[in-house]
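Reader: I have a new model on my screen. How should I start reading it?

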Amino acid sequence: MQTLTGIGPAKAEAIIAYREENGGFKKIEELTNVTGIGDKSFEKLKDEVTVN
């Protein structure tokens, strides 16, 4: 995950924790629910992620 734009160790951990607590992401916009990922961060990385 840290290869994604703007994602360092802390945000990667927050994404994993969110996923473990809430299940997998159904749409990429749900990343904004993760602590530390706001609209600006999401805009930078949205073209780099997919949800299956």
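Predicted model: local features only at pLDDT ≥ 70, side-chain atom pairs only at ≥ 80, totals over all residues.

Reader: How do the side chains of lysine 46 and glutamate 43 meet?

Author: The general idea is a distance test: a side-chain nitrogen of Lys or Arg within 4 Å of a carboxyl oxygen of Asp or Glu is a salt bridge. Here the N to O distance between lysine 46 and glutamate 43 is 3.1 Å, and they form a salt bridge. The count by this rule is one.

Reader: Is serine 41 buried or exposed?

Author: Buried means under 20% relative accessible area. Serine 41 has 19%, so it counts as buried. Serine 41 sits in helix H2, residues 39–45.

Reader: Which residues is serine 41 in contact with, leaving aside neighbours within four places in sequence?

Author: Lys11 and Gly36. For the protein, 29% of the 52 residues count as buried.

Reader: How many helices and strands does the protein have?

Author: Two helices and zero strands. The radius of gyration is 10 Å, close to the 10 Å from the globule rule for 52 residues, so the protein is as compact as a globular protein of that length. Its C-alpha atoms fill a box of roughly 25 × 20 × 20 Å along the principal axes.

Reader: And the charges?

Author: Compare mean positions. The protein has 7 positive and 9 negative charges, and their mean positions lie 3 Å apart.

Reader: What share of the accessible surface belongs to carbon and sulfur atoms?

Author: The share is 47%, out of about 3,700 Å².

Methods:
Residues numbered from 1 in each chain as written. Heavy atoms only, no water. Helix = DSSP H or I, 4+ residues; strand = E, 2+ residues; numbered from the N terminus. Buried < 20%, exposed > 50% of the residue type's maximum accessible area, 1.4 Å probe, protein only. Contact = heavy atoms within 4.5 Å. Rg over C-alpha atoms; globule rule 2.2 N^0.38 Å. Areas by Shrake-Rupley, 256 points an atom, 1.4 Å probe, with all protein chains shown as cover. Lys, Arg positive; Asp, Glu negative; His and termini not counted. Charge placed at Lys NZ, Arg CZ, Asp CG, Glu CD.
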